[in-house]
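Work through each task with the structure open before you turn to its solution.

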Amino acid sequence: MTDITLDLNNYRVNLRVAAIVRREDEVLLCRPVDRQWWYLPGGRIKTNEDSLTAMHRELTEEIGPGFEVLRPVIAAENFFELEGRNFHELSTYYEVAWHGEKLAGTEENELEVFEWCPLSEISGLTLKPDFVIPRILEPRTELELIVHRENQ
C-alpha cells in the first residue's frame, strides 16, 4: 500500500492521522531531530486503509504496544507552507490513552525525537499545527471540524 499523497496545483495533498497520547498529566510529542518545533505522533494514511487502522499502524510502528485508541476528536483541513511547499492536509486526530511502561523503538529513531511533555508546558512550545494546543489542554468529547489556514 502507498501513502496517500498527491501533488496538485502547487499543493501537496496528504491524508493523515495524529494521536493525542495522554499519560496522566502529560502528552506525547515528537519533533524532527534537526528542528525546534513539535507535532503529534502519527503519519499518512495508505491506500485502502481507514483512519483508525492507520492510527493503530502508525502508533505501533512509532511507540510500540501499550496504547488504547479511545475516539476521534478532530477532523481537520489544514493549509500550510513548509520548506517552500504548500500543503493541503486532511487529518483525523484521535484521543489515545497510554497504559504501557516504555515507549518502544523511539530511542533508536534517528529522524524523530519523542518526549512526554507536562500539560503545564504545552503552551510555551512551538507545536504544529497550533490549533491542537487548546484541544490538548481542554479535551472535548465530541468530534470537532477545524479548518485552519496558517498565517491567515
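A salt bridge is taken here as a side-chain nitrogen of Lys or Arg within 4 Å of a carboxyl oxygen of Asp or Glu. The model is predicted, so local features need pLDDT of at least 70 and side-chain atom pairs count only at pLDDT 80 or more, whereas totals for chains, interfaces and linings use all residues. Residues are numbered from 1 along each chain as its sequence is written, and side-chain values use heavy atoms, with hydrogens and water left out.

**Exercise 1.** Find how many salt bridges the structure holds, and examine those of Asp7, Glu26 and Glu144.

*Solution.* Step one is the count, which comes to eleven salt bridges. Step two takes the pairs in turn: the side chains of Asp7 and Arg12 meet at 2.9 Å, N to O, the closest N and O atoms of Glu26 and Arg23 are 2.6 Å apart, and those of Glu144 and Arg140 are 2.8 Å apart. Step three sorts the partners by relative accessible area, where buried means under 20%, exposed over 50% and partly exposed in between, with a 1.4 Å probe and protein chains only. Glu26 is buried because its relative accessibility is 19%, while Arg23, at 26%, is partly exposed. Likewise Glu144 is buried at 14%, and Arg140 is partly exposed at 38%. Asp7, at 48%, also counts as partly exposed.

**Exercise 2.** Describe helix H1, its span and its buried residues.

*Solution.* Helices (H or I, at least four residues) and strands (E, at least two) are DSSP runs, numbered from the N terminus. H1 covers residues 51-63, and its 13 residues reach 18 Å from first C-alpha to last, close to the 18 Å expected at 1.5 Å a residue; the expected span is 1.5 Å times one less than the number of residues. After H1 comes Gly64, whose phi is positive, near 85 degrees.

**Exercise 3.** What volume does the largest cavity have, and which residues line it?

*Solution.* On a 1 Å grid over the protein atoms alone, a cavity is a set of points where a 1.4 Å probe fits but cannot get out, and lining residues have an atom within 4 Å of a point. The volume, which is the space filled by probe spheres set on the points, is about 50 Å³. The lining includes Ile20, Val73 and Glu95, together with Arg140 and Glu144, the pair joined by a salt bridge in Exercise 1.

Key: 1 Å grid on protein atoms, 1.4 Å probe; cavity = no way out; pocket = protein on both sides within 12 Å on 5 of 7 lines; lining within 4 Å.
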